[in-house]
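Let's take a friendly walk through this structure, looking at charged pairs, aromatic rings and nonpolar side chains in turn.

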Amino acid sequence: MANIDLSQLITAEQKQAQATATLRATFEKATQAHLDAAAQEHGYDNLMTAISYADEPAVARFQADGKAFRAWRSLVWEYAYEQLSAVEAGTREVPTLEAFLAELPVLEVPA
């Protein structure tokens with residue numbers, strides 16, 4: 001009779017924890033891509049490049065953009081993590097990525 005290595009067994013709780021981690025990572029990656037894409041649409045390499053202008057007063061337009069992107073980033077991540085926590089708590093169904101991204105706060109860049 002073969003011995004079973006109990007250390008190799010995966011419990012239902014472990015499977016659920018892995019599924020939750022995978023779901024969270026998928027939504028986090030999509031959220032970051034959404035942020036970067038918006039920055040690229042406004043002529044920046046990515047979100048971090050846009051935000052880097054927030055404290056640079058040499059060109060007022062770039063500084064205003066940087067501040068807008070920085071504030072938007074915070075609002076987006078706050079909302080995203082609240083919603084992911086609701087999914088994990090079972091108080092919200094798992095949305096599609098497209099629906100989730102459409103729910104995120106809207107970027108308001110000064111004219």
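How many salt bridges does a search of the whole structure find? The search finds four. Please keep in mind that this is a predicted model.

## Salt bridges around Arg24

Let's begin with Arg24, which forms a salt bridge with Glu28; their closest N and O atoms are 3.8 Å apart. The two residues are four apart in helix 1, so about one helical turn separates them. Arg24 is partly exposed, at 21% relative accessibility, and Glu28 is partly exposed too, with a relative accessible area of 25%.

Arg24 also meets the side chain of Glu88 in a salt bridge, at 2.8 Å from N to O. This pair links distant parts of the chain, as Arg24 belongs to helix 1 and Glu88 to helix 3, 64 residues apart. Glu88 has a relative accessible area of 37%, which means that it counts as partly exposed.

## From the loop to helix 3

Another salt bridge joins Asp55 and Arg70, with 3.4 Å between the closest N and O atoms. Asp55 sits in the loop between helix 2 and helix 3, while Arg70 is in helix 3, so this pair ties together parts that lie 15 residues apart in sequence. Is Asp55 buried or exposed? Asp55 is exposed, with a relative accessible area of 60%, whereas Arg70 counts as partly exposed at 31%.

Looking at the shared partners, salt bridges join Arg24, Glu28 and Glu88 into one network.

## Aromatic pairs

Now for the rings. The count of aromatic pairs comes to six. One of them is the tilted pair of Tyr44 and Tyr53, with 5.7 Å centre to centre and 55° between the planes. The tilted label applies because an angle under 30 degrees would count as stacked and one over 60 as edge-to-face. Within this pair, Tyr44 is buried at 8% relative accessibility, while Tyr53 is partly exposed at 28%.

Phe69 and Trp72 make an edge-to-face pair, with centres 6.1 Å apart and planes at 75°. These residues lie three apart in helix 3, which spans residues 60-89, so they are separated by about one helical turn. Both Phe69 and Trp72 are buried. Stepping back, ring pairs link Tyr44, Tyr53, Phe62, Phe69 and Trp72 into a cluster.

## The largest nonpolar core

Which residues touch the most other members of the largest nonpolar core? They are Leu35, Phe69 and Trp72, in a core of 17 residues. Helix 1 (12-41), helix 2 (47-51) and helix 3 each supply at least two residues of this core, and helix 3 gives the most, with six. As background, nonpolar side chains in soluble globular proteins tend to be buried together.

Leaving aside neighbours within four places in sequence, Leu35 is in contact with Leu47, Trp72, Arg73, Val76 and Trp77.

Where is Ile4 placed? You will find Ile4 in the segment before helix 1. Its relative accessibility is 65%, so Ile4 counts as exposed.

Methods
Residues are numbered from 1 along each chain as its sequence is written. This is a predicted model: local features need pLDDT of at least 70, side-chain atom pairs count only at pLDDT 80 or more; totals for chains, interfaces and linings use all residues. Side-chain values use heavy atoms; hydrogens and water are left out. Rings of Phe, Tyr and Trp (its six-membered ring) pair if their centres lie within 6.5 Å; planes under 30 degrees apart count as stacked, over 60 as edge-to-face and the rest as tilted. Buried means under 20% relative accessible area, exposed over 50%, partly exposed in between (1.4 Å probe, protein chains only). A nonpolar core is a set of buried Ala, Val, Leu, Ile, Met, Phe, Trp, Tyr and Cys residues joined through side-chain atoms within 4.5 Å. Contact means heavy atoms within 4.5 Å.
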